[in-house]
Amino acid sequence: MSKIKEAERSIEVIAGQINAQQMLMETIIVEAMRAKAIDEANIMMLLTQGMDAFENNPNMTKHETFGAIGTLISLLDTIKRAKDAKLID
């Protein structure tokens, strides 16, 4: 196998690991909201502040910012889905 193919496969493995970690974190946050351990208002404030911080960070590339904000948007979507499913208030 060529070095390029090995690098591509390594990147794909890492991407899969990151996706799984994101899913687990989203699940933990929704569960904490369900158990009333985390207040929704605080989570929304943190997400908003996080998005602003990423958008205004001159040390991040456009792609890094896109990925970081996309991750936070994914959490918002997970929270919405949990609400729609009546898992959380």
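The largest nonpolar core in this predicted model has twelve residues. Its members are Ile-29, Val-30, Met-33, Ile-43, Leu-47, Met-51, Ile-69, Leu-72, Leu-75, Ile-79, Ala-82 and Ile-88. The largest share comes from α3, with five residues. In soluble globular proteins, nonpolar side chains tend to be buried together.

| Helix | Residues |
|---|---|
| α1 | 3-34 |

Helix α3 has 23 residues. From first C-alpha to last, α3 reaches 32 Å, close to the 33 Å expected at 1.5 Å a residue. Its buried residues are Thr-65, Ala-68, Ile-69, Leu-72, Leu-75, Ile-79 and Ala-82. They pack against α1 and α2. An α-helix has 3.6 residues a turn, so residues three or four places apart point the same way.

Ile-69 is one of the core residues. Beyond its neighbours within four places in sequence, Ile-69 is in contact with Met-51, Phe-54 and Glu-55. Just after α3, Lys-86 takes a positive phi of about 65°.

Now the surface. Met-23, Leu-24, Met-25 and Ile-28 make a nonpolar patch of about 420 Å². Of these, Ile-28 is found in helix α1.

Asn-42 lies in helix α2. Asn-42 and Gly-67 are 25 residues apart along the chain, and their C-alpha atoms are separated by 22 Å.

Conventions. Residues numbered from 1 in each chain as written. Predicted model: local features only at pLDDT ≥ 70, side-chain atom pairs only at ≥ 80, totals over all residues. Heavy atoms only, no water. Patch = residues over 30% accessible without salt bridge, like charges linked within 9 Å, V, L, I, M, F, W, Y side chains within 5 Å. Areas by Shrake-Rupley, 256 points an atom, 1.4 Å probe, with all protein chains shown as cover. Salt bridge = Lys/Arg side-chain N within 4 Å of Asp/Glu carboxyl O. Helix = DSSP H or I, 4+ residues; strand = E, 2+ residues; numbered from the N terminus. Core = buried A, V, L, I, M, F, W, Y, C linked by side-chain atoms within 4.5 Å. Buried < 20%, exposed > 50% of the residue type's maximum accessible area, 1.4 Å probe, protein only. Contact = heavy atoms within 4.5 Å. Expected span 1.5 Å × (residues − 1).
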